Amino acid sequence: MIDYEAFRYCNNLESITIPSGRIGMLAFAQCENLKEATFGDNVTFIGNSAFGSCPNLTTVTIGTGIENIDEEAFEYNQNMTAVYCKAINPPTLGDEAFHYDFYTPSAKCTFYVPTESVWLYKSTKWKVYADYIVGYDFE
């Protein structure tokens, strides 16, 4: 478990890879230079605002074992352009998980999900991002 606010305001981070575990609330919030976050197949939970307000975060890769992405987990990341979510079954998604602000989904962001699961994602709470969900063949 990466605890509450463990790396909050850590402006030296540019890229992180987390192989396993759970990521707590605000764990990496406001890391101004963070550009890329990769979560291994054994990461199961990303907490509330865990990566909120990371203005340079552009790419997120989420492994197959993710079960829950909490509310506002990636909110206020205006430069995010790509989320690769490898999970066949869509993880539970909290409110405004990928919103630019409280009212606006991240329109510049494309959500890449397993091709065979596009319809699943679009029929769950992920449907708020339906226009930005596309199939991707992960290898």
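**Exercise 1. Are Phe39 and Phe74 buried or exposed?**

Solution. This is a predicted model, in which local features need pLDDT of at least 70 and side-chain atom pairs count only at pLDDT 80 or more, while totals for chains, interfaces and linings use all residues. Residues are numbered from 1 along each chain as its sequence is written, and side-chain values use heavy atoms, with hydrogens and water left out.

Begin with the scale: buried means under 20% relative accessible area, exposed means over 50%, and partly exposed lies in between, with a 1.4 Å probe and protein chains only. On this scale Phe39 is buried, and Phe74 is buried as well.

**Exercise 2. Find how many aromatic pairs there are, and describe two of them.**

Solution. First take the rule: rings of Phe, Tyr and Trp (its six-membered ring) pair if their centres lie within 6.5 Å, and planes under 30 degrees apart count as stacked, over 60 as edge-to-face and the rest as tilted. By this rule there are 16 aromatic pairs.

Next, look at Phe39 and Phe74, which form an edge-to-face pair with 6.4 Å from centre to centre and 70° between the planes. This pair links distant parts of the chain, since Phe39 belongs to strand E2 (residues 36–46) and Phe74 to the loop between strand E4 (68–69) and strand E5 (82–85), 35 residues apart. Strands (E, at least two residues) and helices (H or I, at least four) are DSSP runs, numbered from the N terminus.

Then turn to Phe111 and Trp126, another edge-to-face pair, with 6.1 Å between centres and 85° between planes. Here Phe111 lies in strand E7 (110–114) and Trp126 in the loop between helix H1 (118–122) and strand E8 (133–136), 15 residues apart. Phe111 counts as buried because its relative accessibility is 1%, and Trp126 is buried because its relative accessible area is 0%.

Finally, one aromatic cluster includes Phe39, Phe74, Phe111 and Trp126.

**Exercise 3. Which residues have the most contacts inside the largest nonpolar core, and which element gives the most to this core?**

Solution. A nonpolar core is a set of buried Ala, Val, Leu, Ile, Met, Phe, Trp, Tyr and Cys residues joined through side-chain atoms within 4.5 Å. The largest one has 38 residues, and those with the most contacts inside it are Ile23, Phe39, Phe51, Phe74 and Phe98. Among the elements that each supply at least two residues of this core are strand E1 (15–23), strand E3 (59–62) and H1, while E2 gives the most, with four residues. In soluble globular proteins, nonpolar side chains tend to be buried together.

**Exercise 4. Find how many salt bridges there are, and say where their residues stand on the accessibility scale.**

Solution. A salt bridge is a side-chain nitrogen of Lys or Arg within 4 Å of a carboxyl oxygen of Asp or Glu, and the count by this rule is two.

One of them joins the side chains of Glu5 and Arg8, at 2.5 Å from N to O. Glu5 is partly exposed because its relative accessible area is 29%, and Arg8 counts as partly exposed because its relative accessibility is 25%.

Another joins Lys125 to Asp95, whose closest N and O atoms are 2.5 Å apart. Lys125 lies in the loop between H1 and E8 and Asp95 in the loop between strand E6 (92–93) and E7, so far as sequence goes 30 residues apart. Lys125 is partly exposed, with a relative accessible area of 44%, and Asp95 is partly exposed, with 38%.
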